[in-house]
Amino acid sequence: MTSIVDQVEDWLTDAGSLLDRRVRLGVTGLSRAGKTVFIASMVHHLLHPNRLKLLSVLAEGRFDAAMLQPMPGGSVPRFPYEAVLRDLTGTANQAPRWPDGTRAVSELRLSIRFRSPLAFGLERPNTLHLDIVDYPGEWLLDLPLLSLNYADWSRQAVAQAHRGGRQVLSAEWLALAQSMPADAAGDEPAIAHTAAAFRAYLQAARNAPQRYSMLQPGRFLLPGEMAGAPALTFFPLPDAADNAPRGTLARLMADRFESYKREIAAPFFDHHLKRIDRQVVLVDMLEHLAAGPESLTDLKTAIDGTLGAFRHGESSWLSLLFGKRISRVLFAATKADHLPAADHQGLAGLLDALVGDTSRRLSYAGARIHSEAIAALRVTRETTIETPSGRWPGIAGLPLDSDRVEEVLPGALPLTLEAVTGSDQFAPVAFRPRPGDIRQDQGPASLRMDRALEFLLGDALG
Ligand SMILES: Nc1nc2c(ncn2[C@@H]2O[C@H](COP(=O)(O)OP(=O)(O)OP(=O)(O)O)[C@@H](O)[C@H]2O)c(=O)[nH]1
Ligand SMILES: [Mg+2]
């Protein structure tokens with residue numbers, strides 16, 4: 001005869017399978033911010049959770065197992081988890097290395113079996129389906145375009161092109177664009193030539209010492225399957241008027257801009273990012289701190305503009321009618337393993353300062369916000385380095401361009417954003433994975449990934 005407790009547990013199991021939870025996690029970050037490595041590390045951590053000490057579902061012994069699942073739907077390629085992991089772990093013939101930059105969208109579903117605590121010591125079996133999407137960071141900057149018309153975008157892009165170090169880089173494109181009357185019919189070879197000069201300006205701005213972030217439209221840098229399409233053959237015009245008449249260059253450019261938004265930017269957002277309910281915003285603060293104040297200002301504009309496209313706040317029954325809101329946002333300064341531990345809090349503080357206005361806006365809307373300095377894959381160790389001026393905390397690891405472990409001093413992390421000069425005061429060395437930093441059968445070495453996951457998923461695993 002089954003006991004009443006067994007009976008209750010059976011009933012709870014049945015109810016549980018009807019009540020599986022689902023979280024769509026939006027991993028947001030500009031190009032090279034660390035999205036692909038973060039996703040691979042998060043999945044690997046959850047498949048081999050031995051290092052997730054602070055994740056309460058593990059600390060409380062309620063975690064059963066996680067498994068990768070085929071994505072329902074099936075029209076989007078699966079995130080190449082195994083290939084990324086093989087890059088990071090290395091093989092018999094290939095030393096560990098960072099994965100290549102992402103060139104297309106992919107998705108992954110990870111399902112986690114766990115037990116939810118109930119009254120009287122009972123537990124209910126539960127499943128969380130975690131859906132994750134990866135994409136080229138360049139495309140994220142198409143999101144702010146969705147709320148602009150062509151004339152507004154032109155005004156914004158032309159004003160930006162005149163600022164600071166962009167002025168030199170944009171000179172050729174601006175001269176060509178200025179020589180083309182916006183109110184006369186355009187000539188297609190001249191349009192293609194100026195569009196190519198605009199694209200060259202964006203490329204140059206990306207590679208400039210200032211490491212500019214605000215580079216739109218995203219497909220101009222990474223066209224994917226759209227290379228050469230007319231939808232990509234346009235550029236901002238210095239004197240574009242609203243509602244330009246048919247047959248003019250300004251109207252043709254506006255039509256192509258609208259078709260870019262409609263056919264490329266909006267479907268990317270609608271299909272992959274619009275329905276997320278948690279968000280991690282990955283930011284490579286180190287690169288921009290080293291590149292100087294102009295780099296940081298541009299980064300801030302890019303982050304603020306991108307986050308403006310999402311709906312944040314507490315979800316309620318109204319979400320059933322108007323769509324879910326993003327209830328938790330983690331701002332994560334990535335690659336913290338480039339700095340000694342003593343600097344990690346300072347790094348998170350600098351990110352806080354950079355996104356302060358946006359994060360207040362999201363909090364006011366009702367979202368929970370947290371920031372953290374993390375390393376999805378820790379490829380260095382701490383060390384102490386003797387110098388003529390004393391002993392300093394340093395970092396040891398395999399620099400990207402070296403075959404032997406080196407000890408380096410990253411320099412003094414600026415205490416405030418105002419103190420950033422972009423001179424050589426702070427120039428962290430980039431490292432690559434060493435054999436053993438991540439193994440196929442164990443959670444990866446990382447920094448604060450457990451805290452990050454507890455904030456993002458802790459309640460969904462409760
Ligand atoms: N030391 C260290 N470096 C990292 C870490 N995560 C990323 N990196 C470095 O940052 C680079 C970019 O990381 P990705 O994950 O490929 O960045 P992404 O955001 O996917 O970039 P796109 O695919 O171009 O949008 C890597 O090639 C590494 O050099 C980390 O946890 N530690
Ligand atoms: Mg990537």
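Modeller: What follows is a set of questions about such labels, each answered by setting a value against its cut-off, and the model they concern is a predicted one.

Biologist: Let me begin with strand 1 (residues 21-29), where Thr28 is found. Why is Thr28 called buried?

Modeller: The relative accessible area of Thr28 is 3%, and because buried means under 20%, Thr28 is counted as buried.

Biologist: What makes the pairing of the Thr28 and Gln279 side chains a polar contact?

Modeller: The two side chains come to 3.0 Å, and since a polar contact requires a pair of N or O atoms within 3.5 Å, one able to donate a hydrogen and the other to accept it, the pair of Thr28 and Gln279 qualifies.

Biologist: How do you know that Ala265 counts as buried?

Modeller: Ala265 has 1% relative accessibility, and the label applies because the limit is under 20%. The residue sits in helix 8 (residues 249-273), and beyond its neighbours within four places in sequence Ala265 is in contact with Asp142, Leu146 and Tyr260. Its C-alpha atom is separated by 12 Å from that of Thr306, which is 41 residues away along the chain.

Biologist: Pro144 is in the loop between strand 4 (123-134) and helix 5. What makes Pro144 buried?

Modeller: The value for Pro144 is 12% relative accessibility, and because the cut-off is under 20%, Pro144 counts as buried. Outside the four places on either side in sequence, Pro144 is in contact with Gln216, Gly305 and Thr306, while Asp304, 160 residues apart from Pro144 in sequence, is 9.1 Å apart from it in space, C-alpha to C-alpha.

Biologist: Why is helix 5 described as oblique to helix 6?

Modeller: Helix 5 (residues 150-161) and helix 6 (residues 166-178) pack at an angle of about 125 degrees, with their axes 8 Å apart. Roughly perpendicular covers 65 to 115 degrees and roughly antiparallel begins over 145, so with its angle of about 125 degrees the pair is called oblique.

Biologist: Which residues meet there, and how do they divide into nonpolar, polar and charged?

Modeller: From helix 5 come Val158, Gln160 and Ala161, which meet Arg166, Gln167, Ser170, Trp173 and Leu174 of helix 6. The residues of this contact divide into 4 nonpolar, 3 polar and 1 charged.

Biologist: Why is Lys335 called partly exposed rather than buried?

Modeller: Lys335 has a relative accessible area of 25%, and because partly exposed lies between the buried limit of under 20% and the exposed limit of over 50%, that is the label for Lys335. Arg448, with 23%, is likewise partly exposed.

Biologist: Which peptide bond is cis, and what is its omega?

Modeller: The bond from Gln216 to Pro217 is cis, with omega near -5 degrees, and Pro217 is found in the loop between helix 7 (188-207) and helix 8.

Biologist: Finally, what makes Thr380 buried?

Modeller: Thr380, which lies in strand 8 (residues 380-387), is at 3% relative accessibility, and the label follows because buried means under 20%. Thr380 touches Asp337, Ile395, Ala396, Phe431 and Arg434, not counting residues up to four places away in sequence, and its side chain reaches the backbone oxygen of Asp337 at 2.6 Å.

How values were computed. Residues are numbered from 1 along each chain as its sequence is written. Chains are lettered from A and ligands numbered from 1 in the order in which they are written. This is a predicted model: local features need pLDDT of at least 70, side-chain atom pairs count only at pLDDT 80 or more; totals for chains, interfaces and linings use all residues. Side-chain values use heavy atoms; hydrogens and water are left out. Helices (H or I, at least four residues) and strands (E, at least two) are DSSP runs, numbered from the N terminus. Buried means under 20% relative accessible area, exposed over 50%, partly exposed in between (1.4 Å probe, protein chains only). Contact means heavy atoms within 4.5 Å. Axes are lines fitted to C-alpha atoms, for helices over the stretch in contact, and angles run from 0 to 180 degrees between N-to-C directions. Angles under 35 degrees count as roughly parallel, over 145 as roughly antiparallel, 65 to 115 as roughly perpendicular and the rest as oblique. Ala, Val, Leu, Ile, Met, Phe, Trp, Tyr, Cys and Pro count as nonpolar, Asp, Glu, Lys and Arg as charged, and the others, Gly among them, as polar.
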